[in-house]
Every structure is written in structure tokens, then in C-alpha cells.
Amino acid sequence: MDTPLSTIAVVGLGTMGTGIADVLVRAGREVVGIDSDEAAGARAVAALEASTARAVARGRLTEDERREALARFRVGSGLADAAPADLVVEVVPESYETKQEVFRALDGIVRPDAILATGTNALSVTRLAADSAHPERVLGLHFFAPVQAMKLVEVVSSVLTDPRAVDAVTRLAQDLGKEPVAVGDRAGFIADGLLFGYLNQAAAMYEARYASREDIDAAMKLGCGLPMGPLELLDLVGIDTARTVLDAMYQASHDRLHAPAPILKQLSEAGLTGRKAGRGFYTYAAPGAAEKVADARTPAARDADGAGREVRSVGVAGSGTMASGIAEVFAKAGYEVVLAARSQEKADAAKAYIGSSLARSVAKGRLTEEAREETLARISPAGSLDAFAGVDLAVEAVAEDLAVKQELFGRLDKVCKPGAVLATTTSSLPVVACARATSRPQDVIGMHFFNPAPAMKLVEIVRTVLTADDTHATVREVTAKIRKHGVDCGDRAGFIVNALLFPYLNNAVKMVQEHYATLDDIDAAMKLGGGYPMGPFELLDVVGLDVSLAIEKVLHREFRDPGLAPAPLLEHLVAAGCLGRKTGRGFREYARR
């Protein structure tokens, strides 16, 4: 176990196994690729030739380095060819029986000091080790796809694993240019343990017809900055694989959030397993292709609601960051904007804030000085909602307090002209409760902008059971004119983004609370393994722990799922006044400004 792991056997030459072989040969290791399917070996060789050719074209390898790397890879005829290996990495299908068969055979083939690593992302490493003649040499080595690009490697040890084996594969991962994170043996480990619960909820959301697959994916990409939407990612991972991972997680946790959504079973058993099959949640040009093609579930042009109402002027109620940002967005798009606050002084200050924001855009070359002046000229600050008498669309962006919003909607009902659309920017409160505070609930809708409004492209358009068709059509048209991407959803807690995001954040807190992993390791795992722009604890501290707790409570009340109950650690930090960056301390400490 103290050897440098210079000769490595990779058992299973699918996409993952081939990717692992690729990074190993580029790092100077001798690699034997083994697969029961003879054609898989030929595909692996072709894949390595193609990927290294691309690396040469991009200046990442020289032609000599490419030739040497390819010479270090050979395809074996069976497990017996793993005999000289210092390390064997198996990436065969996620089945105990299949993996145990490989490990039992290897016990009689490799040296006693060779390390055996499983690439599982869900099955128990301890259970696999216990069936081995040398359980101390068995561990998990979980790479992420695409292996060549993703930096994270989870090094999984059981209670039986020799620390020297962990040290050896950790050094190997570092030599490969990866970021190894040491974790204990638990279904899903860190990254998949958090990721697959989120993917499962997205599948259930789609199955319930709450939102279209396109809107769910767009919401999470535009609202959270994720590289792929959850349903796109399920198709890439493989729906059958996701179901296996979730089954293992549920057996360990008995958390309903991990119980596989029925649609995953239906698609798996129909052979619609995602990209590899050419069809999953989406339909693809061919099996294995990334290009989506239109199918029966592709939305037609959104004209079912008919024409919307004409909107020339917009009222924005509020004077905070969100209200100012929304007013800026509408004014930039050419609308006349009335910005109303509780006093003329607050309204003037909000307009001044918008002026500063526009000046920064000018300084960065994104806006001309002339356009800045024209935008500001369209904004009329007012100290009273009475100024909304002539607006065609009124958007409230006041405190996230239902009583406050209901009182404001009651006033808008009296002030705004007949036919004006009344919109709330709430992120978690029931839109219909605001609508019922008026005598015209058919004119009320949700327009959930994301912060900062000028930069974030997403708007969740929340329709209640009382919202009129032309009200919905109006907001869709306006959303397009202000150059935002609108997604449709119903009036329930969290809408799309928060309903998927905050349970994931809450589960990350539980993971720390249970001492399974550190803040730093979890943040690193989700950024390096999941492609998230921020780790969950970085994001919680930015959002505010009090805000996060309030949203968690709303979700728990709405869905009554025990798995959505706020983590006690989150509640304790909020009670202690540790609210994140705004207080200088949350999950981490920050320098006071």
C-alpha cells in the first residue's frame, strides 16, 4: 500500500471507466482496461484517441505526449490481466451482486497489498469490503462525470479500511490534478447525498404537473446559476442510475425526500433511461447524443391565454434593493415607472440608488450616458400609492410579511384603475391570499424576480386559481419585453426555485449537524462535483440564515413532510443572532465593514 500506484486496472469501460483511464494515462500511469463486453474496449480506445486529439488541438498536450499517453493504455481480455496492478478501480453497474462478483474474483488474482477501489456512488463500501478476503484494502474512489473536467474525487473509507490505502489513493487523486475529499461510508456520500434528493424532488414536481420540464430546468439554471437543470441532469446521469442511488439512500435514511419518485421507476422500466437510451425526460437526436429534439411534450407557442392587456406605465411599491432593481428593469425597457415609497424622501433615495446603479453600468461600458439619463427620466418617485391611479401594472416589493402585503393590496384595489394588473413579488407567501384582499382577484398574479433584479434573468410567474387568462398573458408579454425569462408555476410554497433549493440547503446543514462532513468539504464537493457557483454554506450566509429559516418553515407547513423540518442547527444559529454576512457571523465569520 506504500507503492506509488503506477499500474492501475480499470474494470468497466463505460463512460466513467473510460474517463478515469483517460486522466490516468495522461498523468503517466500504466492502465489496463477490462470489460466483459469486447466492443467496450474498442470504444474506449477510440474515445481516448478522440479526447487526446482534442487536447492537442487546444494546446493542452503535445503530439508526443498524446502518443505516449495512448501507449500507456491497453485493453485486457479479462480480470486476470489485473494481476500486476497496484490499484484496481471498478466502475461496473450499480449492483451489489455484480460488484461483489468482481471483488471476489480479484481476491484470487491481485497481490495482497494491491488496493481495490469501488467507484460506487450509492452502495455500501463497508458491505463490499466485508465480502473481500482483505477488507482493509477496499475503499471507495468516486469520480464525477465528465472525469476529465470535474475536479472532485470523494475518497470513501469504511471502518475496515487501512489508513495507508486512503493516503495512497489521496496522493494519486492529487497527482491527477483533482481535489480529494475524505468521507465516511454513507449512501450518496457528500455530493450525491445532497444532489440526488434535489433531483428526486424535481422529478416529483414534474410528475405532479406543477411546471413543465423546460420551466423547471430553466428556473434552476437562471435562478441558481446551475450548469444544467435537474431533469437534464437526470437524463445525463441515467434515470436507472438515479433510481438505484435514491433507493440506497432511502434504505439508509428512510427520508421521504429520498424515496424515488414513481416516474423514475416508470421511465426506467420502460427503458427510457435518459441520453444513453435516446429518451428520458427529454427526447434526443440519437442514443448517447446531447442534442434534444422536439417531442409530444415540447410546449407549443404560449398563446393559449390569448392577448394580454396593454401596459404602458408600471407602478413599483417599495424602496428597498428589490423594488429599486425592479423599477430600474422596467425603466430600461422603456416603461414609464412610478416608484412609490412610504415617504417622498424614501422614494427620492430609491431613485438616487437607481442612478448609482445605472452609473456603474455606464462605467462598465454596458450603458451610454444618454441611455442612463433617459432611463432615470422615466422614473417618477412618489411618497404615496395614490400616484398609482393611472398605472397599467402595479408591482409590490415590500416586506415579506403577509399582513403587510394584504394591507397594501387592499389599498391598491382602491387606488388602481379598473383593469390594472396587480402583481406581488413574494418568494414564499400565498399569492391567492394577496388576491383575496382585493375585490378583483382575477387581476392578481405573482411576479417573483430574483436578486439583483437588473442582473438575474428569471421571473417566476405565479398564477392562482382565480387569475384571469388575460392577466397571465399580460405578465408573460411584459416579462418578455423586459428581457427576462418567465417560467409558469402554480401558487404553492416555494414555487419552483425555493421549493427545490432550500431543502437541499437544509440537508447540507443536517450533514454538518450529524458530523458527517465539514463546511469546507461540503462547499467544495458541491462546487467541484456538482458545478454549483457557490457551496450551500456560502449561499446560506449570503441569503441570510433568518430568511432561509423562514422559507424552510413555510415549506414544512405547506407540505407537512418531516424531511422538510428545519435543521435544529439552523434554528440555533438564528436564535443566537448569527444570520450570515449581514451580521458578520453565520456558518462562518466575516470581517465587519
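Alanine 55 touches Arg26, Arg60 and Leu61, leaving aside residues up to four places away in sequence. The model in which these contacts occur is a predicted one. Alanine 55 belongs to helix α2, which spans residues 38-57. Its relative accessibility is 3%, so alanine 55 counts as buried, the limit for that class being under 20%. Leucine 116 is 61 residues from alanine 55 along the chain, and the C-alpha atoms of the two are separated by 30 Å.

The sheet can be taken next. Strands of a sheet pair through backbone hydrogen bonds, either parallel or antiparallel. Here eight strands form an open sheet with mixed pairing, in the order β13-β12-β11-β14-β15-β16-β17-β18. At its edges are β13 (379-382) and β18, each of which pairs on one side only. From one strand to the next, the twist averages 25°. Helix α8, residues 213-224, packs on this sheet and touches β17 and β18. The direction of α8 makes about 125° with that of β18. Another helix, α13 (residues 344-363), lies across β12 and β13. Relative to β13, helix α13 runs at about 150°.

Within the sheet, β11 (residues 313-317) and β12 (residues 336-340) give an example of parallel pairing, with five bridges between them. One point of reference in this pair is glycine 315, whose bridge partner in β12 is valine 338.

A helix pair follows. Two packed helices are described by the angle between their axes and the distance between the axes. For helix α7 (residues 191-207) and helix α19 (residues 519-530), the axes come within 9 Å and cross at roughly 60°. The two helices are therefore oblique to each other, since an angle of 65 to 115 degrees would be needed for roughly perpendicular and one under 35 for roughly parallel. The crossing of α7 and α19 is right-handed. On the α7 side, Ala191, Leu194 and Leu195 take part in the contact, and they meet Ile522, Ala525 and Met526 of α19. By class, this contact has six nonpolar residues, with no polar and no charged ones.

Most residues other than glycine have a negative phi, and most peptide bonds are trans. Proline 146 is placed between β6 (138-143) and β7 (152-157), while proline 452 is found between β16 (444-449) and β17 (458-463). Strands β16 and β17 also follow one another in the order of the eight-stranded sheet.

Two arginines have a positive phi although neither is a glycine. For arginine 483 the value is about 65°, and for arginine 560 it is about 55°. Arginine 483 sits in the loop between α17 (469-481) and β18 (485-490), and β18 is an edge strand of the sheet. Arginine 560 lies in the loop that connects α21 (545-559) with α22 (568-575). Are these side chains buried or exposed? The relative accessible area of arginine 483 is 70%, so arginine 483 is exposed.

Technical notes. Residues numbered from 1 in each chain as written. Predicted model: local features only at pLDDT ≥ 70, side-chain atom pairs only at ≥ 80, totals over all residues. Heavy atoms only, no water. Helix = DSSP H or I, 4+ residues; strand = E, 2+ residues; numbered from the N terminus. Buried < 20%, exposed > 50% of the residue type's maximum accessible area, 1.4 Å probe, protein only. Axes fitted to C-alpha atoms, helices over the stretch in contact; angles between N-to-C directions. Parallel < 35°, antiparallel > 145°, perpendicular 65-115°, else oblique. Left-handed = near helix turned anticlockwise from the far one by under 90°. Contact = heavy atoms within 4.5 Å. Nonpolar A, V, L, I, M, F, W, Y, C, P; charged D, E, K, R; others polar. Pairing = 2+ DSSP bridges.
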